[in-house]
Amino acid sequence: MAEEKNFSNVRFLTVAEVAEVMRVSKMTVYRLVHAGDLPAVRFGRSYRVPESAVEQYVQGAVVDGESGTA
């Protein structure tokens with residue numbers, strides 16, 4: 001059985017807020033959502049992204065300059 005999640009403490013961001021935090025366009029955020037790279041919840045015709053998902057995405061996208069050297 002799927003684990004129940006408590007969303008009472010989750011902060012959701014609009015696409016515009018995510019774009020501002022990540023310093024990208026709203027279209028880039030929509031592309032990430034539609035590609036499945038950034039989880040989102042759809043409310044009517046708009047999307048909301050959990051703040052924790054944005055933090056995880058940004059942490060996973062960090063480029064380490066020393067990882068490519070031998």
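The count of salt bridges in this structure comes to one. The model is a predicted one. Arginine 11 and glutamate 51 form the salt bridge, with their closest N and O atoms 3.1 Å apart.

**The salt bridge**
- The pair links distant parts of the chain, since arginine 11 and glutamate 51 are 40 residues apart.
- Arginine 11 lies in the segment before β1 (12-14), while glutamate 51 belongs to helix α3 (residues 51-60).
- Arginine 11 has a relative accessibility of 48%, so it counts as partly exposed.
- Glutamate 51 is also partly exposed, because its relative accessible area is 28%.
- Side chains of opposite charge can pair when their charged atoms come close.

**Helices α1 and α2**
- The axes of helix α1 (residues 15-22) and helix α2 (residues 26-35) come within 8 Å and cross at roughly 105 degrees.
- The two helices, α1 and α2, are therefore roughly perpendicular to each other.
- On the α1 side, the contact is made by Val15, Ala16, Val18, Ala19 and Met22.
- On the α2 side, Lys26, Val29, Tyr30 and Leu32 take part.
- Of the residues in this contact, eight are nonpolar, none is polar and one is charged.

**The nonpolar core**
- The largest nonpolar core has 13 residues, and those with the most contacts inside it include Val18, Met22, Val29 and Leu38.
- Two or more residues each come from α1, α2, β3 (46-50) and α3.
- Helix α1 gives the largest share of this core, four residues.
- Leucine 38 touches Val18, Val29, Val49 and Val54, among others, not counting residues up to four places away in sequence.
- In soluble globular proteins, nonpolar side chains tend to be buried together.

How values were computed. Residues are numbered from 1 along each chain as its sequence is written. This is a predicted model: local features need pLDDT of at least 70, side-chain atom pairs count only at pLDDT 80 or more; totals for chains, interfaces and linings use all residues. Side-chain values use heavy atoms; hydrogens and water are left out. A salt bridge is a side-chain nitrogen of Lys or Arg within 4 Å of a carboxyl oxygen of Asp or Glu. Buried means under 20% relative accessible area, exposed over 50%, partly exposed in between (1.4 Å probe, protein chains only). Axes are lines fitted to C-alpha atoms, for helices over the stretch in contact, and angles run from 0 to 180 degrees between N-to-C directions. Angles under 35 degrees count as roughly parallel, over 145 as roughly antiparallel, 65 to 115 as roughly perpendicular and the rest as oblique. Contact means heavy atoms within 4.5 Å. Ala, Val, Leu, Ile, Met, Phe, Trp, Tyr, Cys and Pro count as nonpolar, Asp, Glu, Lys and Arg as charged, and the others, Gly among them, as polar. A nonpolar core is a set of buried Ala, Val, Leu, Ile, Met, Phe, Trp, Tyr and Cys residues joined through side-chain atoms within 4.5 Å.
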